[in-house]
Amino acid sequence: MGGAAGAGTSALAAVLALLVLSAGVAYTSGGRDPGAVLAWSVRSDPPRWDDVAYAVCEYGDYIYVVGAQDTNHGGYLRVEARSKFDGSLVGAWSADNLTFYAYSADCAIAGGLLYVAYGGWSVAVFDLQLNLLNRVVEYVPGGVTSVAVGDGYLYLAGYEFVEGGYSRWRVEKWSVDGASLVRVKVYVSDPTPLSDEAMQVAVNPVTGHLWVVGHEADYRFRVEILDQDLNLVRAVSNRSRWLACAVDFDENGYAYISGGGFIAKYDPYGNEVAVREFSYYWWAPKLLY
């Protein structure tokens, strides 16, 4: 899905970066590995207006790209299935009405099903042939930015608006039984009287804890570590650093976090191990270990 400008362009670049990493591009402290080559690159331009790609999931021989098409008229959810080997389009699903309004989207795969969180706290469930099986719509003022799966549960993270027009973190836990979803618990965090927003949730494979990364006080770094019942284990904030956008883990449970002007490494308990800072013009909205 290719956008013409602004958010569409940056989102497409983020998706392509993920595809390049999955194809085996290596990086060193001195820069790009001279032996690395781009395996493939594709563009998608559905009919009418601007289009945005938000996230990529992978399963077997395929990747699933979720985003929005026709954003000039609201942004309708679109999902594409593509071959890992050459990027060729295998299948596509798209909406044509605002019940699938998608100004943000993320995806996760579990049990042979594709879960797509989008827009104002809604979830669509597809099989891997992109047949729509279920849709749950929540009327929460705000938006969901991330979805993750772990131990039979679906976790959503994002933000909700509060009085005065500011926002606070919101995390939800859903039980999963095939295509059926039932909300189990909601956690909210409002660390400052300004706008606070969760950007991504991920499950640490070693500790089982949820790591939620985002910002507090209008774009300042914040991480909250929760247990699987959404109880706060630890919060880490850094007012001197720009917001955290993405998190992923290595096989030992160490976390890698990227955002505006930095990449940082944390141990499984939330202690900073290393950080590399860049210009604030450098931006990493997606990260893959």
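E138 touches G120, W121, S122, R170, E172, W174 and R183, residues up to four places away in sequence not being counted; contact here means heavy atoms within 4.5 Å. The model is predicted: local features need pLDDT of at least 70 and side-chain atom pairs count only at pLDDT 80 or more, while totals for chains, interfaces and linings use all residues. Residues are numbered from 1 along each chain as its sequence is written, and side-chain values use heavy atoms, with hydrogens and water left out.

- E138 is placed in the loop between strand 10 and strand 11 (142–150); strands (E, at least two residues) and helices (H or I, at least four) are DSSP runs numbered from the N terminus.
- With a relative accessibility of 9%, E138 counts as buried, where buried means under 20% relative accessible area, exposed over 50% and partly exposed in between (1.4 Å probe, protein chains only).
- Strand 9 and strand 10 (residues 132–137) pair in the antiparallel sense over 5 bridges, pairing being assigned if DSSP finds at least two bridges between two strands.
- F126 has L132 in strand 10 as its bridge partner.
- The hairpin of these strands has 4 residues between them, and L130 takes a positive phi near 70°.

**Disulfide**
- A search of the whole structure finds 1 disulfide, defined as a pair of cysteine sulfur atoms within 2.5 Å.
- C57 is joined to C107, with an S to S distance of 2.1 Å.
- C57 belongs to strand 3 (residues 52–59) and C107 to strand 7 (residues 105–110), so the pair ties together parts that are 50 residues apart in sequence.
- The torsion about the S-S bond of C57 and C107 is about 120°, so the disulfide is right-handed.
- C57 and C107 are both buried.

**Nonpolar core**
- The largest nonpolar core has 25 residues, of which L77, V79, W93, L114 and V116 touch the most other members; such a core is a set of buried Ala, Val, Leu, Ile, Met, Phe, Trp, Tyr and Cys residues joined through side-chain atoms within 4.5 Å.
- Elements that give two or more residues to this core include strand 5 (76–83), strand 8 (113–118) and strand 9 (122–127).
- Beyond its neighbours within four places in sequence, V116 has contacts that include V66, L77, V79, C107 and F126.

**Y103**
- Y103 lies in the loop between strand 6 (89–94) and strand 7 and, at 32% relative accessibility, counts as partly exposed.
- A polar atom of the Y103 side chain lies 2.4 Å from the backbone oxygen of G142.
- Y103 and T145 are 42 residues apart in sequence, with a C-alpha to C-alpha distance of 9.4 Å.

Definitions and conventions
A polar contact is a pair of N or O atoms within 3.5 Å; within protein, one must be able to donate a hydrogen and the other to accept it, and residues adjacent in sequence count only if both atoms are side-chain atoms.
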